[in-house]
Amino acid sequence: MLTAALGAALLASSVQADDKVFGWVEKATVEPWGVEVKAKLDSGALTSSLDAREIESFEKDGERWVSFRLKLEDEASGELFSERLELPLYRDLKVRGAGGRDERPVVLMKVCLGDTVYEEQFGLRDRGEMHYPLLLGRRTISHLGLLDVRDTFLTEPRCDDDSRVVEHDPAEGDD
């Protein structure tokens, strides 16, 4: 009992006053559309992942691009959001898991958590069979603040034109 109390006190003393705390599941909005989705904060993944369909790579002006469809249910309205996007390919992600090896395109997109917009790397894959259309990996979590794995929905997305934007930092490296 004393050990647990001491551990909690040490943790509390290391938390900065401006540190935000997020649960292992949070509401987020995919920007610039403001589509609200449930996001799983997954410390086991480095790169974030977004549900995308009809993924196709192509070349445009001598550079690699990705075309894909977002098909998301807006948690706030219950309406289906479907939008076809074309974005520059940021990089290819090689994933190893129980199902073998997989290669996924990665693009830069923006997501709102709390009162801040984060431009992050998102691996695109069909997450239609998953509970969460958006998975936020360690690279994104490191920008947010603290992760409380015991709780969910500690923040509400409330971004607008005046919200702080954390731009992607290419110096952070890739997988």
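**Close-up views of a predicted model**

**View 1. Val 21, Leu 146 and Leu 154 make a nonpolar surface patch of about 190 Å².** Patch members have over 30% relative accessible area and no salt bridge, and nonpolar side chains (Val, Leu, Ile, Met, Phe, Trp, Tyr) are joined within 5 Å. A salt bridge puts a side-chain nitrogen of Lys or Arg within 4 Å of a carboxyl oxygen of Asp or Glu. Areas come from the Shrake-Rupley method with a 1.4 Å probe; for residues, only the protein chains shown count as cover. Leu 146 sits in strand β12 (residues 146-148). Its relative accessible area is 31%, so Leu 146 is partly exposed. Buried means under 20% relative accessible area, exposed over 50%, and partly exposed in between (1.4 Å probe, protein chains only).

This is a predicted model: local features need pLDDT of at least 70, side-chain atom pairs count only at pLDDT 80 or more, and totals for chains, interfaces and linings use all residues. Residues are numbered from 1 along each chain as its sequence is written, and side-chain values use heavy atoms, with hydrogens and water left out.

**View 2. The largest nonpolar core has 28 residues.** Such a core is a set of buried Ala, Val, Leu, Ile, Met, Phe, Trp, Tyr and Cys residues joined through side-chain atoms within 4.5 Å. Phe 68, Leu 70, Met 109, Leu 113 and Leu 134 have the most contacts inside it. Elements that each supply at least two core residues include β6 (63-73), β9 (100-113) and α2 (138-144). Helices (H or I, at least four residues) and strands (E, at least two) are DSSP runs, numbered from the N terminus.

**View 3. Phe 68 and its partners.** Neighbours within four places in sequence are set aside. The contacts of Phe 68 then include Ala 52, Ile 55, Leu 85, Leu 87, Val 107, Met 109 and Leu 124. Contact means heavy atoms within 4.5 Å.

**View 4. Cys 112 and Cys 159 form a disulfide.** A search of the whole structure finds one (cysteine sulfur atoms within 2.5 Å). The two sulfur atoms lie 2.0 Å apart. The link is right-handed, with 85 degrees about the S-S bond. Cys 112 lies in strand β9, and Cys 159 in the loop between β12 and β13 (164-166), 47 residues apart. Cys 112 has 0% relative accessibility, so Cys 112 counts as buried. Cys 159, at 24%, is partly exposed.

Conventions:
Patches are made of residues with over 30% relative accessible area and no salt bridge: like charges are joined within 9 Å, nonpolar side chains (Val, Leu, Ile, Met, Phe, Trp, Tyr) within 5 Å.
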